Amino acid sequence: MKKIFILFLITFLSISAAYAGTLKGFITDQQSGEPLVGATVMLENTKFGTSVGLDGSYEIKGIPAGKYQCKVQYVGYAPTVKTVEIDKTQTFLKLNFTLLEQFNELNEVTVSATADRETDNSARKTEQKSDNVLNIISAKTIQLLPDITVANVLQRISGVSVVRNSTGDGQYAVIRGMDKRYNYTSVNGVKIPSPDNKNRFVPMDIFPADLLERLEVVKALTPNMEGDAIGGAMNMVMKSVPDYLILSATASGGYSQLFSTQPFSGFNTKDVNFKSPSEIYGNQYVAKTTDFSIKNLQYNQVSMPVNSLLSLSVGNRIFNHKLGFLFGGSYQHTYRGSNSLFFSLNGQPSPDPVPNTPLIESVQQRTYSNEQARLGLNLKFDYAFNNRNRLSLYNLFMQLDDWQHRHVLTNQLTLFGDVGNNDRSVYRRQNIYNSTLRGDHSLTNKLQLNWSAVYSLAKSQTPDWMDQSLTYRTSQNLDGTISKAATYIDNVSHIWTHNEDRDLTGYVNLTYTYSPKIEFAAGGMYRDKDRNNFYNDYSLATVLPGGNRQVFTSIDKTVFTFRPESYAYADSTNANNYTAKEKISAGYLQAKVNLSNWQILGGVRVENTNQSYVSQLPVTATGKTGNITYMDILPSLHFKYRLSEHENIRFSYFKGISRPGYFELVPASFPGEYFTESGNYKLKHTQADNIDFRYEIFPKGNQQFLIGAFFKNIQNPIEYGFTEFGNSNFVYTPLNFGTATNFGAEMVFTKYFKNWGVSGNYTYTHSAITTTKRLYGRDATGSIVNSEGSQTRPLQGQSDHIANFSLIYKNPNSGFDAQLSWVYTGKRINIVSPFLGLDYWQRGTSQMDFSAEKKLKNTHFSVFAKLTNLLNNPIIVEVLKPNTSQNLPDQTREDRILVQKDVLQQSYLIGIRYKR
Amino acid sequence: MKIKSNLVVTMIIAGFTSMMVSCNKSEEAVQVSAPLFKVGQAVSTKTPLSGSIKGTLLSDSTYKVGGDVFINENDTLVIQPGAKIIFPGNAPYCFVVKGSLLSLGTEAKPIYFTVPTAVRTDVYGADPTTDPAYKGLWGGIYGETTFKNIIIKWTHLDFGGGKLATSPVSFMANGATSYVLSVSNPSGVLVLEDSWLYGCIDDPFRPFGCKFNVMRNTFEKGGFTGGESMNIKSGNVGIFAYNLIVGSATNGPKASNNGGKNPQTEVQMYNNTIVCSGYRRSSAGRGGSTNFEEGSKGNYYNNLMVNCKFGPRVVGATANYNGNALVVADTANIKGGYNYSYVDSVKIANEIYPTGFAQKPNPNDIPTPSSFLPTNYKPGQVYDGSAVVGKNNPLFVNFPLPQSNKRMGDVSFVGTYNFRLQATSPAIGKGFTGFVPLNVVPVSANFGATVITPPNKDIGAYPSDNTGNKH
C-alpha cells in the first residue's frame with residue numbers, strides 16, 4: 001500500500017510540478033558504452049528517482065529548484081554520485097553517467113560468468129562478437145514470452161518457423177525453409193540423440209523453456225561444429241553455474257479455453273504395462289485375452305482441467321569458490337486439445353474429369369484431448385582446480401509424457417452404409433538423458449585444451465496404444481427416412497512400441513594462440529550410436545461364436561477372443577523392428593586471423609560416416625542387413641569486417657550435409673492400399689553449399705538491426721517418390737532428386753523508445769525442387785493409366801514469408817513488463833503428395849499472444865500472465881485444385897479443397913516468480 | 001505361293017489316306033498315354049521341400065513342405081497329376097514363384113496342397129469361429145514380381161491363407177494375413193482352372209498384377225470375417241467364369257483399380273454360380289456377389305446368385321464405409337445383364353440392385369426388373385422387392401430352395417449339394433453370348449488355359465451343354 005502511495009505521489013508530483021526542472025540523460029558502461037538498463041537514478045534524500053529505460057535513458061520530471069546529490073547504482077558497477085543543481089531558469093538539464101564495472105574478489109578464479117548471460121544485452125553482444133552467423137534469444141526474453149516450450153520459442157527467431165502437432169503446439173523447426181531433417185539440436189554445444197523411432201531430428205517440445213540460459217540458432221557452421229546441418233543448428237545453452245547464490249522459482253496455473261465448452265476426455269495409464277505380453281513371456285507365448293487391459297479406452301470427462309507449471313533453479317559456488325553447481329528443474333502439467341474438421345481424400349485421385357482430380361471420401365470430426373507432463377532436470381557441477389584446469393559435469397534429464405485421446409466421428413457423405421466412430425488412445429513417454437564430463441586446460445599460455453566425454457540416451461515408449469472403432473449401418477427406407485441399425489464393435493488393436501538411441505561421443509579440441517591476432521584450432525570427435533526399435537501388435541477379435549458380430553454396450557462388457565488363434569502370437573517379425581548403428585569420426589583444422597578490421601575464420605572438417613542396420617527382411621531378400629560408409633570434406637570460410645564499433649559485415653561459406661534417417665535406408669516394405677512404402681539403401685546423403693551475407697548494427701545495447709541474404713545449393717535432397725522394379729511394380733520410397741536451390745533474405749530489428757520497444761524479424765525464402773510424381777488419368781483409348789510427370793515446388797515446410805513482430809513495454813521503475821507478440825507463418829506445403837499437384841498446403845496463419853510481468857516492489861517476487869492464441873485463427877490445410885464439393889461444410893472456395901481445419905482456442909496462464 | 005499350294009495338296013492327300021486307313025477295320029486302334037510332362041530332375045520325396053527348387057514333383061508322390069519354397073527366376077517346377085503337397089499345419093509356409101509353376105492335375109488325378117491333419121467340417125450351420133477352414137494352416141502360392149507362368153489345373157488348395165511370420169514375398173508385409181494365391185507381375189500368366197479353393201482367412205485369390213484366366217473352379221469358405229473369392233487390384237486383365245462360389249465372406253469376384261499399376265483392371269465375370277455369399281463380412285455392407293469398384297472396368301453377365309446378401313454391384317459415387325473408401329468404378333466402361341437372382345427374404349430382395357449404387361437393371365435380368373422395380377426407377381434407389389421373394393427357383397439338381405429354416409450364411413460348402421440345373425430350369429436359354437472373351441492367356445496343355453470357354457446361352461456355372469464347371 002505504501003509503495004503504491006509513493007508511486008502515486010511520484011506521478012502526482014511529476015504532473016503538478018511540471019514547471020519545475022527535468023533531469024534526463026544516459027547511463028552507460030564506461031568501457032563498452034552499453035546502456036545499463038535498469039540502473040537506478042536517485043536524488044539522494046528525496047523521493048525523486050527512476051530506473052534507466054531500455055535505450056539507456058532516464059528522465060526525472062518535476063524537480064523543484066535546488067541542489068541535489070544524484071546517485072546512480074547498478075549491480076556489478078561502482079555507484080557514482082554527481083552533484084546537480086536545478087534552477088528556475090533551466091527547465092531541462094542533461095546529465096550523463098558512465099559507470100565503471102566493479103570487479104569482485106572472484107577474479108583470481110577464471111570464471112566466464114562475470115556478466116549475466118541471461119540478458120538480452122549479453123545475447124546481442126554474443127551475436128555481435130560471434131565468429132559466424134547466428135541468432136540468439138536470451139532467458140530474459142524467453143521469460144517474458146508466452147511460450148513454455150523451446151519449440152514454441154523457436155518460432156520467435158528470425159528465419160525459423162515451427163511445425164505443429166495435432167493440438168497446435170510447436171514440435172519441429174523449419175530453419176530458412178529447410179525442413180526438420182536438415183537441422184540438428186544440441187545442448188551446450190553437444191549434439192543430442194532423438195527419441196524419434198525412425199529419424200534424427202529431435203522433437204523440440206520435449207524441452208521446457210525455463211531451463212534455458214539462451215537459445216541459439218546457428219546458420220553458418222564453423223569447422224569445429226558438427227557438419228550435418230544445412231538449415232541450421234539449434235543450440236540450447238542451459239542455465240550455467242553462477243558465481244554467487246542464485247535462487248529462483250516459479251509456480252503458475254491456467255487453463256485452455258477449449259475445455260470451457262467441451263470436456264477434456266482423458267484416460268488413465270497408472271497401471272499400464274510398459275512391456276507387451278511377448279516381451280514378458282517370450283516370443284512363442286500364446287497371448288490370452290486377459291493379458292490385455294481395456295483401461296486406455298475408458299475415458300474420464302473433466303471440465304476445465306487446470307494446467308500447472310513449476311520451476312526451480314538454484315546455484316552457488318562453494319568450497320572457496322572452487323566448486324560451482326546449478327540445479328534447474330521444471331515440471332509442466334498441461335491439458336491441450338483441438339477440434340479438427342478433416343476431409344479425407346481418397347489415396348488415389350479420380351482420372352475424371354481431368355487427371356488427378358481429388359476425391360473426398362469422408363468427412364471427419366476429430367476431437368483431440370492431450371494431457372502432457374513435461375519434466376526437465378538440469379544439474380551442472382563445475383570444479384576449478386586452479387586457474388588453468390577446470391572440470392565440469394553436466395547432466396540433463398528430460399521426460400515428456402503425452403496422453404492423447406483422439407475421437408473421430410465419421411460423417412457419411414451418402415444416405416447408406418456404415419458410419420464409424422473411432423477412439424484412439426496413445427500414451428507416449430519420451431526421454432532424453434545426457435551426461436557430459438568436460439575438462440578445460442590451459443596447457444601453456446598459448447595452448448588450450450578442452451575435451452568432453454558424453455553419454456546420451458534418447459528413448460521413446462508407447463505402451464499399449466489402443467484403437468477401437470464402432471460401426472452402425474444406416475439405410476434408407478422406402479419413405480425416405482433413415483434407419484440406423486445396432487452399433488457393433490470392431491476388432492480392437494493393442495500396439496507396443498519402444499525405441500532407444502544410445503550415443504557415446506568424445507570430443508577433443510586444441511587451440512593454439514600463435515599471436516594475439518592469429519589463433520589455430522584443431523580437434524576431433526568420435527561417436528558410436530546404437531539404436532533399436534521394438535514393435536509388437538495384437539488384434540483382439542470381437543466376433544462371437546457362430547460368426548456373429550458383437551453389439552457394443554461398453555468396452556468392459558466386450559468379449560474378446562483371438563480368432564484365428566494364430567493371432568495370439570506376437571507380431572515380432574513386423575518390419576518396424578530394426579536395429580541401427582552409426583559410427584562417426586570427424587576431425588578439423590581451423591584458423592582465425594584478425595587483421596585490423598577484418599576477421600577471417602576458415603578451415604576444413606572431415607566427417608567419416610559408417611551406418612549399418614539389421615532388418616526383419618527374410619534372408620532371401622536383398623538388403624536384410626546393410627552397411628554404408630562415406631566421407632565428407634567440409635570446408636568453411638567466414639569473413640567479418642568491422643565497419644565501426646557497432647557494425648559488422650559478414651560473409652560466409654560453408655558446406656553442410658544431412659544424413660538419411662536411420663529407417664530410410666532399411667528396405668522393409670509396408671504394403672498399402674494404393675502403394676507400397678519402402679526404405680532405400682541406395683539413398684545418398686545430402687550435401688549443400690551455403691553462402692551467407694549479413695550486415696549488422698548494434699546501435700545501443702539491446703537494440704539491433706540485421707539484414708542479410710543466403711543462398712543454398714542442395715545436392716541430392718531427399719524426398720519421397722516412386723521407383724519401379726519388376727514390371728509395373730512401384731514402391732514409394734525416399735529418393736534423391738538432383739539439385740534443389742534455396743535462397744532468401746532476413747531482416748531483424750529491435751528498437752526502444754524509452755519504455756517502449758518494438759522488435760521483429762522478417763524472412764523471405766524461395767526454394768525449388770523438381771521431383772517426379774504420379775499422374776492418374778486416361779490414355780488415348782480411354783483406359784485409365786498411371787504415368788509420371790514432374791513437378792517443381794518449394795521444399796516441404798518452406799514459407800515464402802515468415803515474420804514476427806512484438807510490441808514491448810518495460811518499465812524498470814514500476815517493474816512492469818508487457819509484450820504483445822505476433823507470429824506470421826506464410827503458406828507452405830505440409831504434406832507432399834505422391835500425386836502431381838495434390839500437395840497439402842497450410843494457409844498462411846498468424847498468431848497473437850500477450851504476456852506481462854510485474855515485479856512486486858522491494859520483494860523478490862513478481863507475478864506474470866501469459867495469454868496465447870488470442871486471435872484463435874484456425875489452422876487451415878488445403879489442396880489447391882478446383883472444388884466441386886461446395887455442398888459440404890466449410891468448402892467455401894471454388895479454387896481449392898479444404899482438407900483440414902483445426903481450431904485450438906486460447907489458453908491462459910498466471911503465475912508467480914521468486915528470484916534472488 | 002507355290003509352297004503354299006503344295007502344302008494344301010499334301011494335306012488333302014494325307015487326309016484322304018488317313019480316311020482310307022481308319023476305314024480299314026483290321027488295323028489296330030492304338031491309344032497310348034502321352035508321357036507326363038516333366039522338366040529337369042525329379043524332386044526327391046525324401047527331404048521336405050524347402051528353399052530353392054526346380055524340376056518335377058512326380059505323379060502320385062507325396063511331398064512334405066518343411067519351409068518356404070522358392071522357384072527361382074528362369075526355373076520351372078512342374079507338379080504331375082496325383083502329387084500331394086502336404087503342409088505341417090503349424091507354419092505359414094509359402095511357394096514363392098519367381099519363374100514358373102505348373103501344377104498339372106487331371107480330373108482323374110487331382111493335385112493336393114493341403115494339411116492332412118485338418119478335417120473338413122462341412123456341416124450346415126457349423127460355427128465358423130471353430131472351423132479349421134478359417135484358421136489359415138499354411139501360407140499361399142505367390143507369383144513374385146518376376147514370375148512368368150503360374151498354371152494351376154485340377155488342384156485342391158485347401159486350408160491355406162494363414163498369418164505370415166517373416167514374409168518371403170516382396171509385396172506382402174511381415175505378419176500379414178496371407179492369400180492362398182497371389183501374384184504381382186502384370187505381364188505374368190496365371191491360369192486357375194478346374195481347381196478347388198477351400199477356406200482362407202482373407203481373400204483366396206488376390207492378384208496384384210497378371211493376365212489371368214480363372215475358370216470352372218469351386219470356391220468354398222472363402223474369408224473368415226471378410227474376403228472375396230477373387231479380389232483384383234490394378235494391373236490385372238482376364239476372365240472369371242464358370243466358377244461355383246459357396247459361402248464367400250463377402251463377394252465372389254471384386255474388381256478395383258487401386259494399387260497404382262498398369263494396365264487398368266479389366267475383368268469379365270460371367271457364368272458364375274454364387275450361393276449364400278456376403279454373410280461373414282464383419283462390417284455391414286461390402287457386397288455379396290460381384291462388385292466393380294474404384295476405376296475398374298469389364299462386364300458381368302449370366303451370373304446366377306442364390307440368396308446372396310447383395311446382387312451385382314457397381315460403385316457409382318465415392319463414399320466411405322467406416323474407414324474403407326468405396327470409390328467410383330469406371331462406370332462408362334462396365335456392362336452387365338442377364339444376371340439371375342433368387343432370394344428367400346425381403347431384406348435381400350431389396351438389395352438385388354444394391355441401394356445407393358450405380359448398376360443399371362437390364363431388361364433381361366431375372367427376375368425381370370419391371371416386375372418389381374417401380375416405374376421411373378433410378379439406379380441406387382430404394383425399392384420394395386417383396387414381390388420376388390421365393391420366385392424364379394433356378395431348380396438345382398440338389399439344393400433345397402426355398403432356404404428358410406436356418407440362416408442363409410449357414411451354407412458355406414458344396415458337400416453333397418449339386419448346383420447343376422434341372423432340365424426345366426428357368427435359367428436355361430436365358431444367357432447372353434454376344435461378347436468375345438478377353439483371351440489374354442495362351443491356350444496350351446501345360447503353359448496356358450486348356451480352353452477359354454466363351455459365354456453360354458444358359459445362366460450359371462453349369463450350362464446344359466456341359467461346357468462349364470466339371471465339378
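What percentage of the 916 residues in chain A is made up of buried residues? In this predicted model, buried residues account for 45% of the chain. The radius of gyration of chain A is 31 Å, which agrees with the value near 29 Å that a compact globule of 916 residues would have. Along the principal axes, the C-alpha atoms of chain A occupy a box of roughly 100 × 65 × 60 Å. The secondary structure of the chain consists of six helices and 49 strands. Of the contacts in chain A between residues at least 6 apart in sequence, 68% connect residues at least 24 apart.

Two domains are assigned in chain A, domain 1 spanning 2-102 and domain 2 spanning 251-915. Taken over C-alpha atoms, the centres of domain 1 and domain 2 of chain A are separated by 50 Å. The contact between them involves 14 residues from domain 1 and 15 residues from domain 2 of chain A. On the domain 1 side of chain A, helix 1 (2-16) and strand 3 are the elements that contribute two or more residues. By class, the residues of this side comprise five nonpolar, six polar and three charged.

The partner of strand 3 is strand 2 (residues 40-43) of chain A, and the antiparallel pair is joined by three bridges. Within this pairing, A:Val41 is positioned opposite A:Thr50 of strand 3.

Helix 2 of chain A covers residues 120-129, and its buried residues are A:Asp120, A:Asn121, A:Ser122, A:Ala123 and A:Arg124. These buried residues pack against one helix, helix 3 (139-144), and against strand 9 (134-138), strand 14 (212-218) and strand 35 (704-715) of chain A.

Strand 35 of chain A, one of the elements packed against helix 2, pairs with strand 38 (residues 739-753) of chain A in the antiparallel sense over twelve bridges. A:Phe710 has A:Gly744 in strand 38 as its bridge partner. Strand 38 of chain A is also paired with strand 39 (residues 756-778) of chain A, again in the antiparallel sense, over 13 bridges. In this second pairing, A:Thr750 stands opposite A:Ser759 of strand 39. Strand 38 and strand 39 of chain A form a hairpin with two residues between them. In the turn of the hairpin, A:Lys754 has a positive phi of about 50 degrees.

The contact between the chains draws on 60 residues from chain A and 59 residues from chain B. On the side of chain B that touches chain A, the largest share comes from strand 28 (residues 319-321) of chain B, with three residues. This side of chain B contains 32 polar, 20 nonpolar and seven charged residues.

Conventions
Residues numbered from 1 in each chain as written. Chains lettered and ligands numbered in written order. Predicted model: local features only at pLDDT ≥ 70, side-chain atom pairs only at ≥ 80, totals over all residues. Contact = placed C-beta atoms within 7 Å. Helix = DSSP H or I, 4+ residues; strand = E, 2+ residues; numbered from the N terminus. Nonpolar A, V, L, I, M, F, W, Y, C, P; charged D, E, K, R; others polar. Rg over C-alpha atoms; globule rule 2.2 N^0.38 Å. Buried ≥ 20, exposed ≤ 12 C-beta atoms within 10 Å, placed from the backbone. Pairing = 2+ DSSP bridges. Domains from an automatic or database assignment.
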